[in-house]
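The sequence and structure are shown first, and the notes follow by topic.

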Amino acid sequence: MKKYLKILLIISIYFIGINNCYAYPKTFDRNELKNYGVNKKWTINENNKKNVLNTPAVDANDKIYDFAEVLTDEEEQILKEKINNFIKETKMDMVIVIPRFYYYNDKENEDYAADFYDYNDFGMKYTNNSGVLFLRNTFINDPYFNIYTFGDAQLYFDYQRLENTLDNVYRDIKNENYLTGFEMFINEMLAYYKSGIPKTMQGYKVNDKGYLYRTYKIPFLPVTLISLAITTLIMLFLIKKNKMILLHHAATTYLDESSIKITARKDVFITSHTTSYTQSSNSDGFGGGFSSSSGSSGGGHSSGGGRHG
């Protein structure tokens, strides 16, 4: 009897261990011959080569990259199914990355997130590389998390929507209830997408580099009618004014001939002055009110305000 109990205990421990297995994300070497595993859309040079090499190369199909090992395999599978549903519904990519690294300021987290997204070819299947990335840095001295949006995702998930989501998941992420927190994040992103582009982003578009820019629609009919009305009024005023004036065609009518004596004429060219200017333009096409930030790749993205805890 004791023998069977012992076997049963070993089997139970084995299955418990399987159900709580933590798998480290699979990474690859970045090979110079294959453009370091980076899509040729992004140019690699001396300014960003270090960023490329410091960015883990992963399989873009995995979607969840738990370098801190805070999610079990079962939890990752649950989240991945939800992420795949989000991608199917929105035609945008979604990534959850959980690193653990020391940082001095929040910008370092942003740079890591942007480089991770761009240099692992996320969003390449979708218009303007559209997608959403949730970064959770589990650095023990100062845990941090934020949501970053790329491509057309910037139109659907404006700053206020990202702030609302960060507030709603704050308690679970802070208390390391990661499955609940990430599920809430995915659900809210999908709900916001289905509600459409918010009023704050009406009139904005995204260019092929991922930057927001604003478009302006000119109401041609009202503008044309107003222009015609103003022109008509001016013409009527001038016509009426001219009718009150007695026209004279001879210059002598207005000139006292005895007061002027012309002896010679000479034209003297003294000097000239030319003023020129160059009209500046924003190559990134930023619109007023909202703009995108740039990662080391040169691609644009936006984000929420971020949370510590």
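In this predicted model, strand S10 (residues 300–303) is covered on both faces. Gly-300 and Ser-302 are buried on one side, and His-301 and Ser-303 are buried on the other. In a regular strand the side chains alternate between the two faces of the sheet.

**Pairing of S10**

- Strand S6 (residues 144–150) runs antiparallel to S10, and two bridges join them.
- Tyr-148 has Ser-303 of S10 as its bridge partner; Ser-303 is among the buried residues of that strand.
- Strand S9 (residues 293–294) is also antiparallel to S10 and is joined to S10 by two bridges.
- Opposite Ser-294 stands Gly-300 in S10.
- S9 and S10 form a hairpin with five residues between the strands, and Gly-298 there has a positive phi near 100°.

**Helix H4: length and burial**

- Of the 14 residues in H4, 10 are buried, so the helix is mostly covered by the cut-off of under 20% relative accessible area.

**Helix H4: ends**

- At the N-terminal end, Asn-105 caps H4 through a side-chain oxygen that lies 3.1 Å from the backbone nitrogen of Lys-107.
- After H4 comes Asp-121, which has a positive phi near 65°.

Note on methods
Residues are numbered from 1 along each chain as its sequence is written. This is a predicted model: local features need pLDDT of at least 70, side-chain atom pairs count only at pLDDT 80 or more; totals for chains, interfaces and linings use all residues. Side-chain values use heavy atoms; hydrogens and water are left out. Buried means under 20% relative accessible area, exposed over 50%, partly exposed in between (1.4 Å probe, protein chains only). Helices (H or I, at least four residues) and strands (E, at least two) are DSSP runs, numbered from the N terminus. Two strands pair if DSSP finds at least two bridges between them. A polar contact is a pair of N or O atoms within 3.5 Å; within protein, one must be able to donate a hydrogen and the other to accept it, and residues adjacent in sequence count only if both atoms are side-chain atoms.
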